[in-house]
Amino acid sequence: MRPHHDGSELHVSNPAPELGDTVAVFVRVPRGTGVSRVHLRWVRDGEPVFTSAVVDRRDGDTWWRAELVAHNPVTRYRFLLGTTSGVRWLTASGLTAYDVPDSTDFRLVAQPPAPAWARDAVVYQIFPDRYARSAAAGQRETPDWAVRASWDEPVVPGPDATQVLYGGDLDGIARRLDHVTALGADTIYLTPFFPARSNHRYDAAAFDRVDPLLGGDRALERLASAARERGIRLIGDLTTNHTGDSHPWFADRPDFYYTKPDGGHVSWLDVPSLPKLNWASDELRREFRGIVQRWLTEPYGLSGWRIDVANMTARFGADDWNHEVAAMLRRAVDDARPDGLLIAEHGHDATGDLDRDGWHGTMNYAGFTRPVCSWLRDDAFPGAVQEPQRPDAAALVATMSAFAAQMSWRSWEASWLLLGSHDTARIRTVVGDAERQHVAAALLFTLPGTPMVFAGDELGLTGGGNESARVPMPWDRPDSWDTTTLGRYRDLIALRRSSPALRRGGLRWVHAGGDSLVFLRESAAQTVLVSVRRAAGDPVRLTGLAPGATLGNLYGGAQPLRIEPDGSTVIDGFSPAVQVWAS
């Protein structure tokens, strides 16, 4: 084990300081590392400042303590360690014998954090058209743009797939809330509920009302009321980059880009029906402030928003108001609902857009979804880029660590972990079988971040692309459910809910190689050791653990894990396997 620091409660005395607060930070130095002195380097007004750390306590490991002031909205810091083999820098990217750029420094952020409830949440994503139908759904007139499909009719990918309407609605969701609570989720993220001319509704025709096909405004009121009775929060989905071409703004207002050689409009990824908004307009900003706040207040009472294509919002050519718009949306949320959440969709590297006064976090595709899916991918599933072979666990950890190092710990914690969504293939199709999905789900519910489940993953639903993955929930075909996977999801969610270390603890990698990954989650109240394997192999010998400790098994059914007096132990090579122990 190496010297370690992260942004969790064991290492930072106050992770949500106000400007001017003094904060203590701690470095954990294991036995035998030869560290004799520790210095803190932090940056104040752009200039580095050094101070010496002192030994705070010893519990087998040595804990060094230093103090810094949250002088700027984001205060970067790192540690310089004097060892028997020379000096070492400790940053969020790890321990190095050479200097590294400040971009991987630890970060103390003096902006208000994400709401406390979000750290403990389990999010369940629902695509309304495919989740459940009420009795009224079949009585609604089919709009001119749509083609009706029966509930159990297979989804057929193709250019017209977005026009196929299965008829799921908000009252249907309300009827199936018991499934959500039985799973253990407590937050529902709804993809858009605004009127549109597609089943996904990202081509909004209005933002001031609920689509009548979903039951209208009153249906959202009923869903919100039923959710509150069960202790479930609702998160909405708002598109700030574009509207649909049927939106009256597109016909009546100049708040779009018209830069094509023929005078035509700019659109999202050149899809003509999705004209891109121009955020230079003050009127547009006022409109969106009102939209954000309307649905956060009663009788709807959403708990926050997921912002669609947040990475592209207010960016076009030389124009870049993205950070301004994010901050404006955050103020709108805070003013309407101080405990509201604002999550950005970002498909690749979101690190440059976080740790400001805008997004609380992101959908962590780059730092979690893609590396996990690459590590567990079935060889028959090519993915977006054909890989000659699956990366090993060391590459998995390297990728996750590289992205985590570029943001604050609390942004990483507030970001959503997901194995898939309505925009991706189903995790079962990606990994190929239930056992590797079990390993993926274990990582989803035990690593830092807020887990998000795409409705149906818990039943083992399949689909190789975003359209084919949007299959209706098979409520009337329970014989098609993978009940083993459903039970595993329930048990893993219950494990996360019962474990303070899994919800609030830090992260130390213990072993990462080949087919095996082992890590520690540690809080003031609990230490948890998680072991996952994607394939059978040799037993793994671990070192650097608490000497003489005995860890009880919390998940997986293994015997208690006994740590030898030298801090070592051995975990067997059975696989695929998930085991969780705790002290």
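User: Which residue in strand 21 is the bridge partner of Gln125?

Analyst: Strands of a sheet pair through backbone hydrogen bonds, either parallel or antiparallel. Here the bridge partner of Gln125 is Phe454 in strand 21. Strands are DSSP runs of E with at least two residues, helices are runs of H or I with at least four, and both are numbered from the N terminus. This is a predicted model, in which local features need pLDDT of at least 70 and side-chain atom pairs count only at pLDDT 80 or more, while totals for chains, interfaces and linings use all residues. Residues are numbered from 1 along each chain as its sequence is written, and side-chain values use heavy atoms, with hydrogens and water left out.

User: In which sense do strand 10 and strand 21 pair, parallel or antiparallel?

Analyst: Two strands count as paired if DSSP finds at least two bridges between them. Strand 10 (residues 123-126) and strand 21 (residues 450-454) have three bridges, in the parallel sense.

User: What is the strand order of the open sheet of eight strands, and which strands stand at the edges?

Analyst: The order is 19-18-15-14-13-10-21-20, with parallel pairing. Strand 19 (361-362) and strand 20 (416-418) stand at the edges with a single partner strand each, so one side of each is left without a neighbour in the sheet.

User: Which strands pair with strand 5 in the antiparallel sense?

Analyst: Strand 1 (residues 22-29) pairs with strand 5 (residues 62-69) over eight bridges, and Val23 stands opposite Leu68 of strand 5. Strand 4 (residues 54-58) also pairs with strand 5 in the antiparallel sense, over four bridges. There the bridge partner of Arg57 is Trp63.

User: How many residues lie between strand 4 and strand 5 in the hairpin?

Analyst: Three residues lie between them, and Gly60 in the turn has a positive phi of about 100°.

User: How many helices and strands does the chain have, and what is its radius of gyration?

Analyst: The chain has 15 helices and 29 strands. Its radius of gyration is 25 Å, close to the 25 Å that the globule rule gives for 583 residues, so the chain is as compact as a globular protein of that length. The radius is taken over C-alpha atoms, and the rule is 2.2 Å times the number of residues to the power 0.38.

User: What share of the 583 residues is buried?

Analyst: Buried means under 20% relative accessible area, with a 1.4 Å probe and protein chains only. Such residues make up 58% of the 583 in the chain.

Technical notes: Buried < 20%, exposed > 50% of the residue type's maximum accessible area, 1.4 Å probe, protein only.
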